[in-house]
Amino acid sequence: MLKWLNSLIDSNERELKRLQTLVDDINSLEPDFEKLSDAELRAKTDEFKARLKDGESLDEILPEAYAAVREAAKRTIRQRHFDVQLIGGIVLHQGQIAEMKTGEGKTLVATLPLYLNALSGQGCHLVTVNDYLAKRDCHWMGPIYHALGMSVAAITAMQTQDNPFPSYIYDPDFDSGDAKWKYLRPVAYPPNRPQEARRQAYEADITYGTNNEFGFDYLRDNMVWDLSQCVQRPLSYAIVDEVDNILIDEARTPLIISGAAEEATKKYYTFAQLVSRLSKDTDYTIDERTRTANLTEIGMNKIEKMLKREGLLKAPELYDPSNYFLTQYLESALKAHALFRRDKDYVVKDGQVIIVDEFTGRLMFGRRYSEGLHQAIEAKERVKIQRESVTMATITFQNYFRMYQKLAGMTGTAATEAEEFHKIYKLEVVVIPTNKPLIRTEYPDQIYKDEKTKFTAVAREIKQLNDQKRPVLIGTTSIEKSEYLSDLLKRNGIPHQVLNAKHHEKEAVIIAQAGRLEAVTVATNMAGRGVDIILGGNPEGRSEAEWQEEHNKVVELGGLHIVGTEHHEARRIDNQLRGRSGRQGDPGSSRFYASLEDEIVRRFGGNRVKGIMQWAGMDENTPIEHSIATKAMTNSQVQTEGYHFNIRKHLVEYDDVVNTHREVIYAERKKILSGADLKANIISMVQDEIQSLVAKRLSNAGYEREEDKQSNLSGLLEDVSTIFPSPPQFRSDGLSELSDKQITEKLTDYAIELYSQREQELGPDNMRIAERLVMLRVIDRLWMEHLTAMEHLRQGIGLRAVGQEQPLVVYKREGHAYFEALLASIQHDVAHTIYRVGIAKEAPQKKKEAVPVGKKVGRNDPCPCGSGKKYKHCCGK
Ligand code: ADP
Ligand code: MG
């Protein structure tokens, strides 16, 4: 391990040395670029583009391009890229991760590779963690790009119904009236084509936006009915800011576009009621490590009795297969009751249950827990249950970002996760030295016996520092704990600000002032990422002298002090918090507190730490401050990191199965939309369908009696009539003399003839439209069902994992079978619909009525495929 680490450090050193020569090249160009007029500097872009066309490579142009960007930055926003920033920029161009500490100016770094790569004429994306930063960075860096003649845009998530795809272009001739976003011009769009705004934003050379918006736009582009509605260009180059947060933390929940489905909400309420009567340890047990809850024998009996009383049990045994649907409700209700806590895992806001990101404390609007868990929590909180949804399109961030031709990332904290970046994304981490040496003091952990004593000690330290007027930033792991600490501070008479996911909008402003004298700021994890803390506060709106005086005072006091009230699950998140202090060579310090009651200690390192504490002979109020204990803490974090990595790896392995399906289906859709000739394709589907009907009815049937043959033949004709109206010239007795092969031929010939007839009736153009619409409609509907079915399969496999086989192996095998079935269904449904379409009735925008998978279709019900026949005569045969 150590050897591996050492070689990593060595290779990092070598890499940096190599890059230094490039930096020297860029620096030597500086005098020449300084001499250029603004117009000449602007003209460099066209020159570079022309040289690229003539065969020069981006790598060859890099030194000059970077010199141009640096010059533009000097002239516009008055910042000159530091040498280490140039190094970072090269690393990003090479498709790697640049680890650069907070406050090192990553926003400015990204301008270098974005400009260079945009020269190729393919759009470049800069991915941010939230909408605010997408706008801020676009607006802030806009002048640099503009001076070089490059266009830049920002996209943000829907705020209001009437502008579903907000998009902005940086335009110095525009004045929005809002000083903060003065030059961000909202992109106008025609009345009923809002996505047009998005398309224009993607046409820009450089587009800033969140991971969610980029991902959703990709999914939506694959749901359109007309290519002109697509908004993205091919995915070429992306730089992901706060890359660990986006590619690791956020990557645990996939993006899902879903539609509402019918469902039984009452059951959720019933089950929420039932499980609330169960008690921990007697009726159910909790496994902290895996975050699961299980019923005990006693609990099971209790629930069975309750369900019987409610008249819900179909079979007396709860785990009888016929009670399958009930057990799903039960499991999610129990989970919601036993494991998910309000204000920690989720908040209730305006009657909605909103997930709180475990690591960042941010509210994840619009995201829902899957597997009915969200509904179960809604039932537990007695708010309105949002309707269960059908997955219409979904993708993991892992698979979305892997589609870019080139991917790069930057963050203050990547090295601890280097293995995951390498394995999942093939991204290497290069640690870039800071511009000025880091002089932050990191004090050892203080470990207390219980939480209460710990927080008392935390408050004591804050009080001491506050008396000196030194600014303190305190990180907690949940909203609940932030509020607890806030109460404590109030009781101690310490004025402070609380930042948590509830005050998302204001957090940027507050955090910008967290470095002022006497500032005490409590934040859930590192809420406020992306905004950097300047000692003495934000200089804007104050006189230079006034700010300087305050700045100097804070520096004298020792700079910003960080208090971690509990270790996070990953070391990386601790480092994010620490990294708020000591930026750009500032003085600063940090300390973490811990107690035996902390989750991270209980989960993994509990006994070890306890042992150490006993050994140290500690009592209630004296903490231990010992390297062994700190090490035990780190160990337990490493274990937790590994555990989460495994979960994400699993998610990807499972998504990879669906991903191969998605690739096939999306490629097929693209072909259809780009006007591929579908006629031949559809006719061959009809032929195959006829062939299989003949095979099913006639082949291998040794007829004892003539009536049997007759009845089979008329059965066949009845089958065929589900494809097209049975031709009058075909009567079962007329066919009896023919061989199977001849019958097939006769039927196919007729099918082709009828097809031409239809084509003449509708006109060839309309027929082409009809073909396209039928294909799309069938594919979309069945694809949605497939996604939902795959999701159920995945969940079901967890329940079946008791057997000998690896769940993933089973999933792959059965998933493959599902996919084969999907392709067969597409053929079946297309063949059964194509002769029935009337062009006027086929409105493209009409929502397809999704058939929820798992819903039972009665034998005599109309067939869900839409053929109009009874299920038993159609797909249910
Ligand atoms: P990071 O994203 O790395 O935490 P930011 O991009 O938010 O850092 O920048 C932090 C601060 O440093 C900003 O106030 C920015 O203006 C300043 N800064 C960055 N680069 C330079 C530079 N080359 N010269 C002067 N100031 C810079
Ligand atoms: Mg940043």
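Predicted model: local features only at pLDDT ≥ 70, side-chain atom pairs only at ≥ 80, totals over all residues.
Local features were taken at pLDDT of at least 70 and side-chain atom pairs at pLDDT 80 or more, whereas totals for chains, interfaces and linings use all residues. Side-chain values rest on heavy atoms, without hydrogens and water; residues are numbered from 1 along each chain, and chains are lettered from A and ligands numbered from 1 in the order in which they are written.

Ligand 1 is surrounded by 16 residues, of which Gln79, Arg80, Gly103, Lys106 and Thr107 are the closest (a residue is near a molecule if one of its heavy atoms lies within 4 Å of it). Polar contacts were defined as pairs of N or O atoms within 3.5 Å; within protein, one atom must be able to donate a hydrogen and the other to accept it, and residues adjacent in sequence count only if both atoms are side-chain atoms. A backbone N or O atom of Gly103 is placed 2.6 Å from an oxygen atom of the ligand, and a polar backbone atom of Glu104 is 3.4 Å from an oxygen atom of ligand 1. The side chain of Gln85 contributes an N or O atom at 3.0 Å from a nitrogen atom of ligand 1. Of the 570 Å² of accessible area that ligand 1 has on its own, the protein covers 83% (Shrake-Rupley method, 1.4 Å probe; for residues, only the protein chains shown count as cover). Helix 5 (residues 106-118) gives the most to the shell, with three residues; helices (H or I, at least four residues) and strands (E, at least two) are DSSP runs numbered from the N terminus.

Helix 4 (residues 83-93) has 10 of its 11 residues buried, where buried means under 20% relative accessible area, exposed over 50% and partly exposed in between (1.4 Å probe, protein chains only). Gln85 is one of these buried residues. Just after helix 4, Gly95 adopts a positive phi of about 75 degrees.

Strand 12 (residues 352-356) is joined to strand 13 by two bridges, and Val356 stands opposite Leu363. Strand 9 (residues 284-287) pairs with strand 10 in the antiparallel sense over four bridges, and the bridge partner of Tyr284 is Leu295. Leu295 belongs with Ala293 to the covered face of strand 10 (residues 292-295), while Thr292 and Asn294 form the uncovered face.

The structure holds 19 aromatic pairs. Rings of Phe, Tyr and Trp (its six-membered ring) pair if their centres lie within 6.5 Å; planes under 30 degrees apart count as stacked, over 60 as edge-to-face and the rest as tilted. The rings of Tyr448 and Tyr593 are stacked because their centres are 6.3 Å apart and their planes at 20 degrees. Tyr448 lies in strand 18 (residues 446-448) and Tyr593 in strand 23 (residues 588-595), so the pair ties together parts 145 residues apart in sequence. Both tyrosines, Tyr448 and Tyr593, are buried. Ring pairs also link Tyr218, Phe397, Tyr400, Phe401, Tyr404, Tyr666 and Trp783 into a cluster.

How values were computed. Pairing = 2+ DSSP bridges.
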